[in-house]
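Subject: Structure handover and findings

Dear colleague,

Please find the structure below for your records. The findings follow directly after it.

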Amino acid sequence: MNPTLTTPWQNLSSLAVETGNVHMRQLFEVDAQRAERYHVKACGILLDYSKNRINDDVMSQLLALTDACKLAVQRDAMFGGENFNNTEDRAVLHTALRYQGKGEIRVAGQDVLPEVRAVRERCYAFARCVRNGEWKGFDGQSISDVVNIGIGGSDLGPLMVCEALKPFASGPRVHFVSNVDSAHIVATLKHLNPATTLFVIASKTFTTIETLTNARSARQWLLDAVGGDESAVARHFVAVSTNREKVTAFGIDANNMFGFWDWVGGRYSLWSAIGLPVMLAIGPENFDELLVGAYEMDVHFRTAPSAENLPVLLALLGVWYVNFLGARSHVIAPYNQTLHRLPAFLQQLDMESNGKGVRRDGERIAYATGPVIWGEPGINGQHAYFQLLHQGTALIPVDFILALQQAGTLPNHQRTLAASCFAQSAALMRGKDADEVRAELTARGMPELDIPAAIPHRVFSGNRPSNTLLLDELSPRSLGSLIALYEHKVFVQGVIWDVNSFDQWGVELGKQLASGIEKVLAGETDASAYDASTRSLIELALGR
């Protein structure tokens, strides 16, 4: 359905004109309970959304929009195993991977949970074998390092989680290689010992060109160390894949191939065997906690009223800015250093899901959909991109993310971290007007004649929106909840915009063209099929 034709959407359009530019300073001044009313806590996460350009009328119509777009019906369809991914005729059931209940989850009439649990137990058994030293390399040594070779969802999710949970790491060192630029794998392997290195090749089809190129280079690195003895491959390579034929042809023992299902999209796959490097790093028990945290957020999403539902509220606030106040990007600013890969992970999750220009029925869209997601750790961003957030011409909402407790944190550092996070959200909201700047400069002793020229450069308009997400602690369980929160936020926005959040046809054309161009660069075909610009670039790459 076209959401712009609904009554709430039309009401929101009017409210954007009437109230969208009311300054948040004023909203806080007239409502002493604003901070208390506009915050919700669930699953160890507090969402303070009071620093947004909203009032009760705006929130009422945003919540009505979820009913108009039949969010509850579509949410139940996804969780129920229906073929929600309509362009690929597939179910969308990453939630089944972390299900902790006693019931069944059926796809095409078959309960998928027994197989999900069986694959997970195989992964856990393997992880324990490596972690306790039972798994030996070609010369009888135990594994000290694991290198995950994958790309996209086979890299971003596990990498982000391994970084976020470094304080919980107790197994082999885990490294990640994704870029087909040889500098990535060469630098990774440079200081590793082939005798104690295990490779996890993560590719559902075992045909992804970037992953297979890196995997073959890793294989050759190992063979060079063992004098070409190919029997060593089976001791140092395992696969997360469904292509048994290609996996075994590579030299990997089929018993060490861990599969998953077509109803698990790549960017939603870290809960599956794709999470094997996470299991190796933090252990099965901590991975279980990650799953429990995600499941708890699933339950919250399915059962909490929309007005108290973390994913729904985050999604609706995003829709308000994208569709009614003209924001075209959104910043993710985690303050805990171990969350430094979270923005990159959420880029794929959000932009690959909702970066669509047609509705589910194939009709072109005339309204904005997914925003550009970007960011870096907020404490560094304060000295870099925050200048744009404070005084730039674009409206860019921010998600501030801070864990109040984290293993190994020094107390004085944590105080500075929290103070910086809270100060930035306050500064974005408050701003600083000309009178305040004048008083400040006068107090500093600036000559009166110099003040007028200085004021415009020091004024901050404020009224810049943000959400603050406070985690009680940064643990496997809370991280699972945080990731699931954003997964469901993306889902809700996809429902409102009426896009299929679970396909990614936009990535296919570039893959197809790259395959052909590589054949030209290898001298197997000519470049006549390509445009003049691409032909000239090919010629330059060939040194002609």
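Predicted model: local features only at pLDDT ≥ 70, side-chain atom pairs only at ≥ 80, totals over all residues.

Lysine 166 counts as partly exposed because its relative accessibility is 47%, where partly exposed lies between buried, under 20% relative accessible area, and exposed, over 50% (1.4 Å probe, protein chains only). Its partner is glutamate 163: the two side chains meet in a salt bridge with an N to O distance of 3.4 Å. A salt bridge here is a side-chain nitrogen of Lys or Arg within 4 Å of a carboxyl oxygen of Asp or Glu. Glutamate 163, at 17% relative accessibility, counts as buried.

Residues are numbered from 1 along each chain as its sequence is written, and side-chain values use heavy atoms, with hydrogens and water left out.

The salt-bridge count comes to 22 by the rule above. Two further pairs may be of interest:

- Arginine 98 and glutamate 487 form a salt bridge at 2.8 Å, N to O. This pair links distant parts of the chain, 389 residues apart: arginine 98 is in the loop between α5 (71-79) and β3 (106-107), and glutamate 487 is in helix α21 (residues 476-497). Both arginine 98 and glutamate 487 are buried.
- Aspartate 31 pairs with arginine 37 in a salt bridge whose closest N and O atoms are 2.2 Å apart. Aspartate 31 counts as buried at 17% relative accessibility, whereas arginine 37, at 36%, counts as partly exposed.

Helices (H or I, at least four residues) and strands (E, at least two) are DSSP runs, numbered from the N terminus.

A pocket is an open set of points on a 1 Å grid over the protein atoms alone, where a 1.4 Å probe fits, with protein on both sides within 12 Å along at least five of seven lines; lining residues have an atom within 4 Å of a point.

The lining of the largest pocket comprises 41 residues, with Ile151, Thr208, Val507, Glu508 and Lys511 nearest its centre. At least two lining residues come from each of α9 (209-225), α15 (342-354) and α22 (508-521), and α22 supplies the largest share, 6 residues.

Yours sincerely
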